[in-house]
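Visitor: I would like to learn how to read the sheets, helices and contacts of a model like this one. Could you take me through it feature by feature?

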Amino acid sequence: MIYREAGDFKTSYAADNQTFPIRGDRVAYYLVIAFAFLVVPFFINDYWANSIVLPFLIYAIAALGLNILIGYCGQLSLGSGAFMAVGAYATFKLTVAFPGMSIVFVILLAGLVTAAVGVLFGLPSLRIKGFYLAVATLAAQFFLIWLFTQQPWFYNNSPTGMISMPTREFLGYPVTGARASAVSMYLFCLMFAVALAWLARNLTRGTMGRKWMAIRDMDIAAEIIGVNPMLAKLSAFAVSSFFIGVAGALLFGVYLGAVEAGEAFGIDKSFLILFMVIIGGLGSILGSFLGAAFLIVGPVLLKLLLVNQLGWPSDLAAHLEIMIVGALILVVLILEPHGMTALWRTIKEKLRLWPFPH
Amino acid sequence: MLDTKPDEGYTTADGRQIGGVAMEMKNITLRFGGVVAIKDISFDIRWGEIRAIIGPNGAGKSSMLNVISGFYHPQDGEVWYKGYRRARMRPYQVARTGIARTFQNIALFEGMSVLDNIMTGRLNLMNAGFISQAMWWGKAAREEEEHREKVEKVIDFLEIQHIRKTPVARLPYGLKKRVELARALAAEPSILLLDEPMAGMNVEEKEDMSRFILDVNDEFNTTIVLIEHDMGVVMDLSDRVVVMDYGKKIGDGTPDEVRNNEEVIKAYLGVEHD
């Protein structure tokens with residue numbers, strides 16, 4: 001009976017409004033954060049960092065961004081891959097042009113550039129919605145990738161058409177480039193992921209979030225009660241693109257090191273992030289992390305199981321992996337159409353009464 | 001008869017003091033292509049009164065309310081509000097001038113809790129900046145608490161404490177109507193527009209809703225414009241009634257005057273042809 005809400009009385013509105021009103025949740029949250037910052041760094045190695053932890057953290061940031069747009073504001077977008085590319089190319093151009101600038105600052109600036117581009121491509125949302133908007137954002141996907149692969153200015157005329165990240169240090173430790181260690185890359189990405197998740201939570205719990213959700217649930221009623229639909233939609237596009245831009249910057253700068261836009265940020269990335277958001281749970285911060293975990297960690301665990309434990313040939317395992325993950329997506333969505341967070345919520349409701357049925 | 005003086009208002013039968021003109025509709029005409037929804041209608045709304053708009057289906061009542069809340073823009077005519085001619089406004093701008101409304105078909109935000117729904121009513125009164133909200137520091141956190149307190153008063157007033165944290169989608173119809181009224185009230189409007197607040201309710205729910213409407217008017221001195229089909233309710237609640245039929249105004253006055261108006265009787269009951 002550790003996890004329960006009975007007897008946990010609130011005496012102020014601030015206490016009632018806090019992110020984790022149940023003490024068990026609060027403790028678990030602090031434990032996870034402490035574990036991630038204090039314990040994981042001592043055990044992480046290159047394999048774990050590169051195959052699971054870094055992509056998980058980076059895609060979780062992207063999923064958070066897309067969740068703000070789709071899950072909170074109800075604006076469908078299929079341009080996330082391209083927005084990640086904007087973040088990546090902005091980081092490249094900025095850090096090459098200003099080698100002395102702090103890498104954190106560069107990445108934040110890249111996020112702001114992406115936010116501006118996102119607002120630009122969010123303009124159609126003022127007139128169209130739903131699937132039609134999704135198709136309009138496809139224009140962003142194809143146009144931006146075309147721009148980054150065909151215009152030499154963006155990749156500084158490199159003969160391969162690729163951009164590669166020079167070594168940059170943060171607090172004296174290299175976090176990008178070949179010399180960066182697994183620990184420093186991990187802590188660098190973790191820092192961004194935690195800070196941005198906190199930011200997303202704050203933005204969605206207050207006035208801003210309510211405006212977004214009002215537009216999502218019924219845009220006409222939202223306008224009648226005084227929400228300026230243009231500001232609400234465009235701010236969602238801006239914040240969402242900022243997150244996705246930062247994710248793109250980290251994916252390029254920290255994780256991959258060298259990318260080519262068409263290959264790394266194609267439409268399949270847009271879909272991957274969209275799936276994370278839908279499987280994790282629309283309109284939920286936790287859901288973004290769960291969705292990213294499912295689609296990043298799931299395949300790796302499967303591969304470990306099939307190849308290392310059962311000794312199957314790796315090409316067979318690779319094909320099976322795709323099929324099994326696909327089937328798992330279907331299973332999750334049939335069991336719980338509202339994503340893994342809803343599953344978690346159901347478990348919580350059951351736990352409240354356990355071991356009694358009623 | 002009312003003892004109406006042009007600028008000072010009048011006193012109702014039960015002794016409430018009604019003020020001067022809050023809003024005046026002057027020769028409003030609204031067309032949708034060839035269909036004339038509202039034909040040259042003029043009437044006024046006075047501070048503190050409960051003003052009803054009645055009429056058969058398709059008479060243009062809801063269109064009239066939509067004109068007031070800025071959702072439709074009439075082709076002809078003027079809306080005067082607080083002594084000034086109102087320029088063409090978007091609905092969210094109208095909301096910021098102190099006009100709140102409820103809808104005929106409930107328009108709550110189904111994905112949010114009751115509390116969040118009512119908090120949206122106060123959006124226009126909250127103005128913490130983006131950075132403050134993102135950091136949840138200073139103004140944003142303080143403001144959230146202050147407005148929560150105001151919202152709790154509305155929740156208390158409408159007796160919906162027990163469903164505070166329930167998602168709106170799970171509520172029964174009658175409670176949804178009440179939550180919608182709560183959201184409109186949370187905005188602290190000067191004029192409250194109610195579009196069929198009692199449609200689809202049973203007698204008990206209607207009585208509750210009537211009591212809330214009277215209480216709102218009495219306690220907050222809110223001016224209320226109301227569309228309703230239930231004649232008994234309208235005649236009991238309202239101070240003055242506008243009667244519409246086929247987009248035209250066929251009667252205007254106290255419930256008693258309207259009840260005895262020949263044209264109104266004709267529209268509602270029909271007349272004998274000899």
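Visitor: Which residue stands opposite B:Leu192 in β9(B)?

Guide: Strands of a sheet pair through backbone hydrogen bonds, either parallel or antiparallel. In this predicted model, B:Ala100 stands opposite B:Leu192 of β9(B), and the two strands concerned, β8(B) and β9(B) (residues 191-195), pair in the parallel sense over three bridges. Two strands are taken to pair if DSSP finds at least two bridges between them, while helices (H or I, at least four residues) and strands (E, at least two) are DSSP runs numbered from the N terminus.

Visitor: Before we go on, how are the labels and the confidence limits to be understood?

Guide: Residues are numbered from 1 along each chain as its sequence is written, and chains are lettered from A and ligands numbered from 1 in the order in which they are written. The model is predicted, so that local features need pLDDT of at least 70 and side-chain atom pairs count only at pLDDT 80 or more, whereas totals for chains, interfaces and linings use all residues.

Visitor: In what order do the strands of the six-stranded open sheet of chain B lie?

Guide: The order is β8-β9-β10-β5-β11-β12 in chain B, and the pairing is mixed. β8 (99-101) and β12 (248-253) of chain B are the edges, each with a single partner strand, so one side of each has no neighbour in the sheet. From one strand to the next the twist averages 15°, where axes are lines fitted to C-alpha atoms (for helices over the stretch in contact) and angles run from 0 to 180 degrees between N-to-C directions.

Visitor: How is β12(B) joined to β11(B)?

Guide: Five bridges join β11(B) (residues 240-245) to β12(B), and these strands run antiparallel. B:Asp245 stands opposite B:Lys248 in β12(B), and in the hairpin of these strands, which has two residues between them, B:Tyr246 takes a positive phi near 50°.

Visitor: What is the strand order of the open sheet of four strands in chain B?

Guide: That sheet is ordered β4-β3-β6-β7 in chain B, with antiparallel pairing, and its edge strands, β4 (35-46) and β7, each pair on one side only. Eight bridges join β3(B) to β4(B), with B:Arg46 in β4(B) as the bridge partner of B:Val21. Five bridges join β3(B) (residues 21-32) to β6(B) (residues 76-81), and here B:Thr29 stands opposite B:Asp76. β6(B) pairs in turn with β7(B) (residues 84-85) over two bridges, B:Trp80 being opposite B:Arg85; the two strands form a hairpin with two residues between them, and B:Lys82 in the turn has a positive phi of about 50°.

Visitor: How many residues of helix α1 of chain B are buried?

Guide: A residue is buried if 20 or more other C-beta atoms lie within 10 Å of its own, exposed if 12 or fewer, and partly exposed in between, with C-beta atoms placed from the backbone. Seven of the eight residues of α1(B) (residues 61-68) are buried, among them B:Met64, B:Leu65 and B:Ile68. Just after this helix, B:Gly70 takes a positive phi of about 80°.

Visitor: Is B:Lys153 buried or exposed?

Guide: B:Lys153, which lies in helix α5 of chain B, is exposed, because 11 other C-beta atoms lie within 10 Å. Its C-alpha atom is separated by 8.9 Å from that of B:Ala186, 33 residues apart along the chain.

Visitor: How do the axes of α5(A) and α10(A) cross?

Guide: Two packed helices are described by the angle between their axes and the distance between the axes. The axes of α5(A) (residues 103-122) and α10(A) (residues 229-256) come within 7 Å and cross at roughly 135°, and the helices are therefore oblique to each other; angles under 35 degrees count as roughly parallel, over 145 as roughly antiparallel, 65 to 115 as roughly perpendicular and the rest as oblique.

Visitor: How many residues of chain B are in contact with chain A?

Guide: Two residues are in contact if their C-beta atoms, placed from the backbone, lie within 7 Å. By that criterion 32 residues of chain B are in contact with 24 residues of chain A, and the largest share of the chain B side, five residues, comes from α5(B).
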